[in-house]
Amino acid sequence: MVEPKIIILPVAGGVAVAAAVAAVMYRVRRRRRLAAMPLPEHLRRIVVENVGIYRHLPSELRVRLEGLTNVFLAEKNFEGCGGQTVDDEIRVTVAALAGVLLLHAPGRECYPSLRQVLIYPGSYVVTGPRRIGTQVIDEGEEVLDGSSYESGTMILGWAQVRDEGRSYGGGANVVWHECAHFLDYESGISEGVPALPRV
């Protein structure tokens, strides 16, 4: 992780500033520690089975992916919806798939605006008005496999996550699609073009 630049300004309430600085430093150290840790063997087995690309990565990228998975698991909240129970398989599969998009971005935070992941058993239906383009509003129902919101929520259908995650090179991956939106949100303008490092 990139060491944050901290500038302490002389202001009233120096204790609050010191506490904020200490909190930032704690998070940075915690992320470094988590990123350096391998996954426990029972969680690695889940990644091997459910994240098809993992088996094709060179060993140094596998190590990095396991670290990113640890950070994601520590920082994001998961909640089941529509009767879905969230277990280790779901959490680790989503976290590892999300980490794949950050493999070649060392120092980049792990989706800082993403706070919670809601998991449905499969596709889910949304209703109500939604904007299509700049002039059209649709008020019908829509069946989705995933969605993401700048407010910090990602919604996923577990059946799609599992099936697409296991399929290496299948051409579709709902977790990658939704996480790309969160990369796009980081610039402050959601324009469909995430700011990615040059490799």
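Where is the place of T153? T153 belongs to strand β8, strands being DSSP runs of E with at least two residues and helices runs of H or I with at least four, numbered from the N terminus. The model is predicted, so that local features need pLDDT of at least 70 and side-chain atom pairs count only at pLDDT 80 or more, while totals for chains, interfaces and linings use all residues. Residues are numbered from 1 along each chain as its sequence is written, and side-chain values use heavy atoms, with hydrogens and water left out.

T153 counts as buried because its relative accessibility is 10%; buried means under 20% relative accessible area, exposed over 50% and partly exposed in between, with a 1.4 Å probe and protein chains only. Its side chain is joined to that of Q116 by a polar contact of 2.9 Å (a pair of N or O atoms within 3.5 Å; within protein, one must be able to donate a hydrogen and the other to accept it, and residues adjacent in sequence count only if both atoms are side-chain atoms). Apart from neighbours within four places in sequence, T153 is in contact with L114, Q116, L118, S147, S148 and F182, contact meaning heavy atoms within 4.5 Å.

The bridge partner of Y149 in β8 is T153. Strands β7 and β8 pair in the antiparallel sense over four bridges, where pairing requires that DSSP find at least two bridges between two strands. The open sheet has four strands in the order β1-β2-β8-β7, with mixed pairing. Its edge strands, β1 (77–80) and β7, each pair on one side only.

F182, a contact of T153, is among the buried residues of α6. This helix covers residues 174–185, and its buried residues are covered by elements including α4 (88–100), β7 (146–149), β8 (153–157) and α5 (158–166).

The largest nonpolar core has 41 residues, of which F72, V94, Y111, V117 and L156 touch the most other members. A nonpolar core is a set of buried Ala, Val, Leu, Ile, Met, Phe, Trp, Tyr and Cys residues joined through side-chain atoms within 4.5 Å. The elements giving two or more residues to this core include α4, β8 and α6, and α4 gives the most, with eight residues. Not counting residues up to four places away in sequence, Y111 touches residues including F72, C179, F182 and L183.

Terms used:
The expected span of a helix is 1.5 Å times one less than its number of residues.
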